[in-house]
Amino acid sequence: MEINNNSRKKVGLALSGGFIRAASQIGVIEALEENNIPIDMVAGCSSGAAVAAAYSAGKLEKLKERLLKGKRREYWQVIFEPGLPKTGFLKGEKNRRFFEEFVGDKTFDQLDKKTFLAATDLKNMNECIISSGQVGQAIQACTAVPGIFAPVEIDHKILVDGVNFNAIPSKVLYQNGADYVIAVDVTQTPGIVIRIISKIKNKFGLIKPICSNKNNCDRLSIIRAILRAANLSSSLIDGFNHSSYPYNILIKPKIEHVKRWHVSLVKDCIEEGRKAALEAVPQIKKDLGL
């Protein structure tokens, strides 16, 4: 029976960050597509932004092959690009060129699906959703770990990784017309230091506006960038928990054993992503009337 696309629910896919753990999202997407689950729009945070963009550019298979064949040394060659330690130890230009292998010089309006990438604006310490302009530059901004990679300036914003506000960027999908959101969570629990600081802040009422003097936000030293990121992480620690975000169904691959830097476990991540998605497919089909 032919399905009337105008009557079915619009489906959004929200991909969390997790560095190499985000490879499991490739397996999730493959399983969803093999089971004819329609995806109308996609949002990504941190490394999930790279997966989201590659998917929307029709280059997910190429990203998969690149990650599977990648050696530890190659990853370090992509990441390690020292710069003057003013805003970050690493420039991030090689990082951008790596992502451009999959998205080229495409702009958002040239992608196959509506795509929203989540970043943080260190200038005003607010979330920033990127949905226009150069996709490669947007991914670079969304994966710029504060203090490690230099922030990326786009439209007078100073942008870095968006994990503090949008670890699972599902809200933007609902805001842009999604009726049903599939969330994929591959995040790791924040470290013990951040958790302790967060508890102290909450107990003594130390959480306050993060950037009250915006005149000092235009130029960020590496120390200030790190401090702001740490302040965000400890103030918004609940944002690392999937329960803080709206979604219709959650897919959480069993990759607890995989650390962010375990590049040798890409294949395992992809397989676990596939397994988790296949377990969710019957419920998704029921919810969507497929």
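The following is a friendly conversation about a predicted model of a protein chain.

Biologist: I am new to this structure. What does the secondary structure of the chain come to?

Modeller: Welcome! The chain has eleven helices and ten strands. Of its 290 residues, 52% are buried.

Biologist: Let's start with one residue. Why is Thr115 called buried?

Modeller: Thr115 has a relative accessibility of 6%. Buried means under 20%, so Thr115 counts as buried. Thr115 belongs to strand 4, which covers residues 114-121.

Biologist: What makes the pairing of the Thr115 and Ser56 side chains a polar contact?

Modeller: The distance is 2.7 Å, and the cut-off for such a pair of N or O atoms is 3.5 Å. The side chain of Thr115 also reaches the backbone oxygen of Lys113, at 2.9 Å.

Biologist: Which residues is Thr115 in contact with, leaving aside its neighbours within four places in sequence?

Modeller: They are Val42, Ser56, Phe108, Ile130 and Ser131.

Biologist: Ile130, you say. Where else does Ile130 turn up, as a residue that touches the most other members of a core?

Modeller: In the largest nonpolar core, which has 62 residues. Ile130 touches the most other members there, together with Leu13, Leu32, Ile182 and Ile284. Helix 11, residues 266-288, gives the most to this core, with nine residues.

Biologist: And what is Ile182 in contact with, beyond its neighbours within four places in sequence?

Modeller: Its contacts include Leu13, Leu32 and Ile284, and also Val11, Ile37, Ile39, Ile249 and Ile251. Apart from this core lies another, of 15 residues, among them Ala167, Val172, Ala178 and Val181.

Biologist: How do you know that the buried residues of helix 5 lie on the same side of helix 5?

Modeller: In helix 5, residues 93-103, the buried ones are Asn95, Arg96, Phe98, Phe99, Phe102 and Val103. They cover an arc of only 160 degrees around the axis, which puts them on the same side of helix 5. As a general point, an α-helix has 3.6 residues a turn, so residues three or four places apart point the same way. Just after helix 5 comes Gly104, with a positive phi of about 60 degrees.

Biologist: Which residues other than glycine have a positive phi?

Modeller: Asn36 is one of them, with a phi of about 60 degrees, and His156 is another, near 65 degrees. Asn36 lies in the loop between helix 1 and strand 2, while His156 lies in the loop between strand 7 and strand 8.

Biologist: Why is Asn36 called exposed?

Modeller: Exposed means over 50% relative accessible area. Asn36 has 63%, so Asn36 counts as exposed. By the same cut-off, His156 counts as exposed because its relative accessibility is 64%.

Biologist: Now the cysteines. How do you know that the count of disulfides is zero?

Modeller: A disulfide needs two cysteine sulfur atoms within 2.5 Å, and by this rule the count comes to zero. For Cys45, the nearest cysteine sulfur is that of Cys142, 7.3 Å away. For Cys128, the nearest is also that of Cys142, 8.0 Å away.

Biologist: Are Cys45 and Cys128 buried or exposed?

Modeller: Cys45 has a relative accessibility of 0%, so Cys45 counts as buried. Cys128, at 10%, counts as buried too, because the cut-off is under 20%.

Methods: Residues numbered from 1 in each chain as written. Predicted model: local features only at pLDDT ≥ 70, side-chain atom pairs only at ≥ 80, totals over all residues. Heavy atoms only, no water. Helix = DSSP H or I, 4+ residues; strand = E, 2+ residues; numbered from the N terminus. Buried < 20%, exposed > 50% of the residue type's maximum accessible area, 1.4 Å probe, protein only. Polar contact = N/O pair within 3.5 Å; in protein donor to acceptor, adjacent residues only side chain to side chain. Contact = heavy atoms within 4.5 Å. Arc of directions from axis to C-beta. Core = buried A, V, L, I, M, F, W, Y, C linked by side-chain atoms within 4.5 Å.
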